[in-house]
Amino acid sequence: MSQAQAAPVNGAVPNQLWITLAVMLATIMQALDTTIANVALPHMQGSVGASQDQISWVLTSYIVAAAICMPLTGFLCARLGRKRVFVWSVIGFTLASMLCGAAQDLNQLILFRLLQGVFGASLVPLSQSVLLDSYPAEKHGSAMAMWGVGVMVGPILGPTLGGWLTEYYNWRWVFYINLPFGILAWYGISRYVKETTLDNSRRFDLLGFALLSLAIGALQMMLDRGESQNWFSSPEIVVEALLAVGAMYLFVSHILTSKKPYIDPAMFKDRNFSVGLVFIFFVGISLLATMALLPPYLQNLMGYPVIDVGLVMAPRGLGTMAAMMLVGRLGQRVDARKVIFVGCVLMCLSLHMMTQFGPDVIQADIILTGVIQGLGLGLIFVPLTTVAFTTLPGHYRTDASSLFSLLRNIGSSIGISVVVSYLTEHTQANHAHFADFIQTGNLALQQLTDQGVLSTETTEGLAQINQQVTRQALNMAYLQDFRLMMWLTVVAVPLLFLLKAPKRQAAAQALAPAAAME
């Protein structure tokens with residue numbers, strides 16, 4: 001059953017500026033919180049008296065709660081109304097942020113972060129859905145460009161803002177910063193966004209929700225705790241992997257046989273949307289995996305303080321914003337698949353340049369690769385989002401937006417886990433390989449010992465040599481990680497041949513602003 005339109009067909013939505021500002025603020029607020037708390041973890045750990053393993057639950061609880069609740073967005077909007085769900089999500093997320101900042105012990109902090117994830121899960125998909133329905137079809141490219149700025153730049157600027165707030169104020173301000181964003185977003189949404197009519201015929205598929213929640217929760221737990229538990233040598237990780245695979249198999253079987261499934265499998269018949277889900281999964285890997293690698297690389301190998309790390313990485317966000325504004329202006333004049341291809345080329349180029357980094361790499365090279373990668377991400381994300389939803393019927397939009405965001409987040413989680421594990425494994429392998437060259441017959445080593453720079457006769461001298469070997473092994477492991485991500489980007493490129501470029505007239509009809517949801 002389709003709902004009342006949230007906007008006139010001609011796209012003449014009053015107060016578009018306020019609607020855009022409100023949904024952008026909601027998007028940025030949620031996107032920032034995916035990374036802003038990371039740099040403050042050591043300060044939180046000391047403040048609440050937690051161990052390294054315990055404090056990681058501050059991140060895990062948020063990620064797991066958001067992942068489980070995100071697919072619930074479509075049902076809640078159908079039964080309660082999209083505007084009502086949006087407003088209460090903003091209010092709940094803002095209040096949970098304040099509670100996180102005021103937490104006095106670890107248990108409170110984890111509980112409030114979990115609430116943050118529950119309320120924040122729907123912010124990004126609802127922002128996308130509302131913005132699409134607030135603009136006419138010919139302006140959807142520009143609308144997605146503005147929305148994409150918040151989604152892509154938020155995680156990039158998170159470490160910079162988080163480091164600055166932690167350094168000059170207090171880790172609690174990492175959460176308090178959400179208050180002004182939340183108030184403005186609440187005002188704009190509650191006053192200017194139109195409510196959709198309710199669909200009381202839609203029933204809640206409890207079994208489908210439980211199976212999908214179990215699958216996503218087990219997968220996230222496995223990814224977040226795998227490295228600390230030594231992966232599949234730990235019974236916990238094995239159990240979580242079996243739960244994730246088993247629950248997902250049962251979930252897929254259920255939605256294919258149920259009369260009113262939790263997620264309608266009919267939406268996957270749209271080829272562009274299905275291919276877009278796979279593509280955004282790879283984008284998620286590239287976006288946050290690089291963000292997870294660069295800060296420790298700059299701090300541990302280059303000796304950068306946390307503030308300088310944020311400043312060096314900030315231009316990446318500027319590149320993303322510039323690319324998104326460019327794509328918004330191009331609109332339908334350029335084939336989106338060509339724009340995505342250019343973005344993939346820039347991503348591969350930047351990652352290839354990063355494989356040439358050494359311990360003495362200069363700031364200009366780091367900033368240059370960041371800007372190029374930011375440009376590439378911006379050229380990929382906006383046209384991919386537009387193409388994925390262009391041919392999809394409007395009544396699937398909210399559910400589809402939730403799945404789109406979920407696949408991006410799962411890709412990010414898997415990417416971070418893979419590159420961190422890959423880094424640890426290759427650091428050890430490289431160290432063992434390099435150590436084979438540390439022998440008396442090595443001419444370079446002999447020359448350094450003759451000059452008195454190094455010594456193989458004392459404990460201090462051997463420790464110094466081992467430190468240098470470890471440094472080089474770690475540097476090589478980072479470069480191998482960058483090369484891995486480059487090849488993952490290359491693997492995603494053939495997916496472009498599966499995307500269809502819809503005719504403009506068909507696209508305009510399919511994307512006509514009708515906030516219809518089943």
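**Model confidence, a helix pair and a buried glycine**

In this predicted model, pLDDT stays under 50 over residues 504-518, a segment for which the model has 56 contacts beyond four places in sequence. Where pLDDT is low, the predicted coordinates should not be read in detail. For the protein as a whole, the mean pLDDT is 78, and 83% of the residues reach 70 or more.

Helix α6 covers residues 82-102 and helix α11 covers residues 178-192. Their axes come within 9 Å and cross at roughly 165°. Angles over 145 degrees count as roughly antiparallel, and α6 and α11 are therefore roughly antiparallel to each other. The crossing of the two helices is left-handed. On the α6 side, the contact is made by K83, F86, V87, V90, I91, F93, T94, S97 and M98; on the α11 side, by N178, L179, G182, A185, W186, I189 and S190. Sorted by class, the contact of α6 with α11 has 10 nonpolar, five polar and one charged residues.

A further helix, α14, spans residues 271-301 and contains G284. This glycine has a relative accessible area of 0%; since values under 20% count as buried, G284 is buried. Leaving aside residues up to four places away in sequence, G284 touches A289, R408, G411 and S412. The C-alpha atoms of G284 and I416 are 9.6 Å apart in space, while the two residues are 132 residues apart in sequence.

Conventions
Residues are numbered from 1 along each chain as its sequence is written. This is a predicted model: local features need pLDDT of at least 70, side-chain atom pairs count only at pLDDT 80 or more; totals for chains, interfaces and linings use all residues. Side-chain values use heavy atoms; hydrogens and water are left out. pLDDT is the predictor's confidence in each residue, from 0 to 100. Contact means heavy atoms within 4.5 Å. Helices (H or I, at least four residues) and strands (E, at least two) are DSSP runs, numbered from the N terminus. Buried means under 20% relative accessible area, exposed over 50%, partly exposed in between (1.4 Å probe, protein chains only). Axes are lines fitted to C-alpha atoms, for helices over the stretch in contact, and angles run from 0 to 180 degrees between N-to-C directions. Angles under 35 degrees count as roughly parallel, over 145 as roughly antiparallel, 65 to 115 as roughly perpendicular and the rest as oblique. A crossing is left-handed if the near helix is turned anticlockwise from the far one by less than a right angle, and right-handed if clockwise. Ala, Val, Leu, Ile, Met, Phe, Trp, Tyr, Cys and Pro count as nonpolar, Asp, Glu, Lys and Arg as charged, and the others, Gly among them, as polar.
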